[in-house]
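Biologist: I am new to this structure. Could you take me through some of its local features, one at a time?

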Amino acid sequence: MKAETRSTCCYCGTGCGVVIESEGGRITGVRGDETHPANFGRLCAKGAALADSARLDCRLLHPQSRNARGEARRRVGWDEALDHAARRFADTIRAHGPDSVAFYLSGQLLTEDYYVFNKLAKGLIGTNNLDTNSRLCMSSAVAGYKQTLGADAPPCAYEDIDHAECILIAGANPAVAHPIVYRRIEDARAANPNLRVIVVDPRRSESCAIADLHLALKPGSDIALYNAMLHVLLKEKLIDRDYIAAHTEGFDALEKLVERYAPAMAAELTGLDAEAIALAARWFGGAKTALSLYCQGLNQSWHGTHNNAALIHLHLATGSIGKPGCGPFSLTGQPNAMGGREVGGLANLLPAHRDLGDPAHRAETARFWGVPYVPPKPGKPAVALFRALKSGEIKALWIACTNPAQSMPDVAGVRAALEAAEFVVLQEAYADTDTAQYADLLLPATSWGEKEGTVTNSERRISRVRAAVPPPGEARHDWRIALDFARRLGAELGNPLTERLFPYATPEAIHAEHRASTRGRDLDISGLSYALLETAGAQQWPYPEGARAGQVRLYADGVFPTPSGRARFVPVEHRPTAEPTDPARPISLLSGRLLEQWHGMSRTGTVPRLFNGEDEPLLKMNPDDLRQRGLDAGALAQVSNGRGSIVVRVEADEGLAHGRAWLPMHWGERFMNGYGANALTPAATDPYSFQPELKHAAVAVEKAELPWSLVVLRRGDEASADDSALALLARVRPLLKRFPYATAGLYGRGAPLVVLRAAAAAAPPAGLLAEIDALFGLDAATGAVYVDPRRGIDKKVLARDGKLLGVRLAGETLAAGWLKDAMAAGTLDASLIRFALAPSALPPQQAPARSPIVCRCAGVGEAQIRAALAGGASLAAVQDTLKCGTYCGGCLPELRKMAAATAATVA
C-alpha cells in the first residue's frame, strides 16, 4: 500500500520539511513539504535525491564484533554485542576510572538520541567525556552568542530575510551549503531590488552571484574587518547610542580599542580596499534593517569565538537586533546540531543550556536526574579527546553517527589514536565509512526515513521526524541502542539507580523529560509536546507551558540572558591564521562544501547523479599560480605540508586571489587514495569554543610527475545486486592505494557508471591491468582493442547489442571526458563505438552534443527539456514529467527562458 509520511530532511540545518512516499516497506520518492515554514516545499539537490539514497547496498544490517585487532569481524546477536560492550566499558571504568571512557556523537542524531547518551555519560558513568562533531562546526557560534548575548540562541528567523534592507553574508556560502536559504535571499531581492547584499569570503563563491559587494579578505582577518566597520560606524555616527546605553555593557572599552582599526590600517591586515570596508559599514549602518548570515568561515578558526563576537558587535552597536529584518543569524551546519546543544550534548554543557562549569547548574541537573552529583571535571572536547585516546588516557571510545577518521583535523593523528585505542564501538548506519575499519564492535543504527523523534533547525524551530519504513535488517534506533547499553552497563557496575534513570519505552517519553528540564530556562519548551507538534506543526522555541505560539525572534525587549540583563561588548583583536604561509608552504588552502555532496559522502556517495557536478576532488587555484607551477587545468598536483600529502587534479578559478586554493571537504579514503582535505588541516583550536581551524592550512602545491594515466568507465547492472554500480564500486576501492593518484566514484542517472581514474610514473605491470579488467568485467571484452606496448598504451572496449558498456583507457585517456557523458546519457550510436579508442578529447562529429545539466536537483539536462518543449509540452507538463524546477526552484528562470524561446520559434 502506498503511503505518505511527513518528516524532515537529514542534511543541513535549514530543517526542510519533506513528504516521504513509500510502498511495501520501501521508500519510493520524496518531495518538499509545502506546509513546512522552513522551505515551503522547496528541496535542494541532496534533499531531492533522498529517496535514491534510501537503499540497503551499503547499509550495516547486523552487529559485528572481533576479539582482537587484525581479526575479521563476525556477525553476532544484539545481546552478545551489548553484553560485550558493557563488560569492556565496566572493566575499563573499574580499572582506570570513569574518565577512561568517552563518547563521540553527531549533529545528525535526533534530540532524543542525544538526551539518552548525555544522561548515560554524565549521569550514570560520571564522566563529561562526551563531545560531538558539532564541536567541528558550531561551537564557536555557541561561544560567540554566549559571550555577547548571554545564551546559545540565534535571535532571528528565516522570515527576517524578507524584511532586511542589507544582508551581510560572512564566512558562508548559502548558495551551496544552505540552498533553500539562498533561494529566499533571491526572492527577497526580487521583491526589493534595493536590497543590498554584501558577501565576505576569501574566494568568489557561488553566493557572490547575488552580491552587490564582495569583500575577498585574507583568510583569518575577519576581526580586523568588523572592527574597522565599527570604527566607520562610530566616525560617521551610524551607531545607536541610546540602545547601547539602555541594553548593553562594555562598549567604552571596545570603542577605545577600535579607534586603532581605521579602514586604512585594516586594509593592510585584510588585503581589502579601505574604501570598500567603509562602504560595507555605511550600507550596514545606514540600513533600517540589517541582517547577517554566517557559518563555518567564521566558526572554523582558532579565533572563531571572537570572529563571531566582532560581527555581533555591529548589530548591538546599531540596535539591529530583536526587530524584523535584523540580527546576527548563525546558519547551523547539521540537521540537529541545535537540538544536541539544547540537551547538553557537548563536553562543557548540561541539559537545557546549563553550563558544566556552573556549580548551581550541576546541582540542578543532579537533582533533576536523581543522581548524587554531576562531576565537575571538564570533559574532553573533540581534538583533546582524540589526543587523550592516542596517549592512552582514554581507553574505550563509543562513536555514534559520525566519521572522525575523515572529518577531524590532522586526520592521520586521529587515525593513530583510533589504532591505539583499546576498544572502539561504532554505532553507524553505513558499513563502509573510513572509521569502520577501526571498530572492534559495529552496531547497526537506523537512518533517515526510519527514525522517530525531533530536530531543531537554525531558527530554533523544532520539527517532528517520522519513520516512513521499518528498520532494515537488525538495525535499531540510536536512542534504543544507548538505552539498552546503559541498562546493561549499570547492572555491570552495580548501580541501583539504573532502571530509574532509563525508564523510557518511546522517544516521546524521552522528549517529555527533556521538555521538563527546560522549564524556566531561556529555551523553555515545557508547552511543546509531541501532540502539539502533530496538530500545529513545527514550532520555534521558547514555547513555555500555556503559550499559544513560539517566539519568532528574541530580544525584542532589549533584555538579554546575562546576569545584568544587558548584552556584552567583548574587546577583540585581530589574530592571523593558526598556520601562516611561508616560502616552503606559500599557498593558503581553504575548504568547503559542494552543492551535491554532504560531509564524508556515506549517504550522498551512493547516488550517481550527485556526482554529475564534480565526480572527483578538484583543487581550484588562481590561473597565474597554476602557470607558475607548470600546471595546466586538468593536470595532477601534489598538495602537502608537514602533516600529510595528497595528489589531486587542478582547475583554474579566477575567483581565487594569488596564493589561495580551494578544495572540497567531502572526499576521503573511500573515494581517493588519501585522506582528503583533512590530511592537511591543523589541530589548532579556539581557546573558548575548542573548535579547530578546519578552514585554513598552509601548503605547498607542486606538479605531480605521473605521466601514465588510466581511466575505466563501466556501466552497472542495476537489475543485479552483485553487479550494480555500488557493488562494483565497493570491489574497486582496494585498487586506490595501489597508485600514487587514484579516485573512484559514480556518475550518471538511469544507467549509472563507475569511474576509476589513476596515474603513475610509469605503466604498471600487465598483471595489474588484467586484475583491473577482471574486476570491471572487461577481461572477456567483446569490442575493439588497441595496444601500443612501446608507448605503454592499452585500450579496451566492452560493447553488447550495440551499447557501450565499458571502456578501459590506459596510457592515453583523452577521450575519457566525452565518453563518460555519452555512456551516462546512452546517446552513442553503435557505429561510433570505435571512436572510443581514438586519442581525441573531442567526440566524433556525428555524436550528439553534450547536454549541460539545467536542473541539478533532478539531474535533468538541457537536451531533455528542449526535446519535451519541442514536442508540444507546456512548461508545467515538463516540470511534472521531468521534475525539473520542482525542488529548490533555482533553475526556474532558465526553464522559463527556454519555454519562451520554444514558443517564439513555434510562433
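**Helices, loops and backbone**

Modeller: In helix α11 (residues 251-258), the buried residues are F251, L254, E255, L257 and V258. Buried means under 20% relative accessible area, exposed over 50% and partly exposed in between, with a 1.4 Å probe and protein chains only. Helices (H or I, at least four residues) and strands (E, at least two) are DSSP runs, numbered from the N terminus.

Biologist: What kind of model is this, and how are residues numbered?

Modeller: It is a predicted model, in which local features need pLDDT of at least 70, side-chain atom pairs count only at pLDDT 80 or more, and totals for chains, interfaces and linings use all residues. Residues are numbered from 1 along each chain as its sequence is written, and side-chain values use heavy atoms, with hydrogens and water left out.

Biologist: Back to α11: why do its buried residues line one face of the helix?

Modeller: Seen down the axis of α11, the buried residues fall within an arc of 160 degrees, so they line one face. The arc is that of the directions from the helix axis to the C-beta atoms.

Biologist: Which residues of α11 are exposed on the other side?

Modeller: D252 and K256 are exposed there. The cover over the buried residues of α11 includes α9 (222-235), α10 (241-247), β11 (248-249) and α15 (304-318). Contact means heavy atoms within 4.5 Å.

Biologist: Changing topic, at what angle do α4 and α23 cross?

Modeller: The axes of helix α4 (residues 111-125) and helix α23 (residues 507-517) cross at roughly 70 degrees and come within 9 Å. That makes α4 roughly perpendicular to α23. Angles of 65 to 115 degrees count as roughly perpendicular, under 35 as roughly parallel, over 145 as roughly antiparallel and the rest as oblique. Axes are lines fitted to C-alpha atoms, for helices over the stretch in contact, and angles run from 0 to 180 degrees between N-to-C directions.

Biologist: Which residues make that contact?

Modeller: From α4 they are T111, E112, Y115, V116 and K119, and from α23 they are P507, I510, H511, E513 and H514.

Biologist: Now to W818: where is it found?

Modeller: W818 is in helix α28 (residues 816-825).

Biologist: Is W818 buried or exposed, and what does it touch?

Modeller: W818 has a relative accessible area of 9%, so it is buried. Leaving out residues up to four places away in sequence, W818 touches L828, F835, A836, S840, A841, L842, P843 and P844. W818 and A841 are 23 residues apart in sequence and 6.9 Å apart in space, C-alpha to C-alpha.

Biologist: And the backbone: which residues does a cis peptide bond join?

Modeller: It joins W541 and P542, with omega of about 5 degrees. P542 is placed in the loop between β21 (539-540) and β22 (567-568). Most residues other than glycine have a negative phi, and most peptide bonds are trans.

Biologist: What about the phi of M601?

Modeller: M601 is not a glycine, yet has a positive phi of about 70 degrees. M601 lies in the loop between β23 (587-592) and β24 (618-621), and counts as buried at 0% relative accessibility.

Biologist: And what is the phi of D801?

Modeller: D801 is not a glycine either, and its phi is positive, about 55 degrees. D801 is found in the loop between β33 (793-800) and β34 (803-810), and at 76% relative accessibility D801 counts as exposed.
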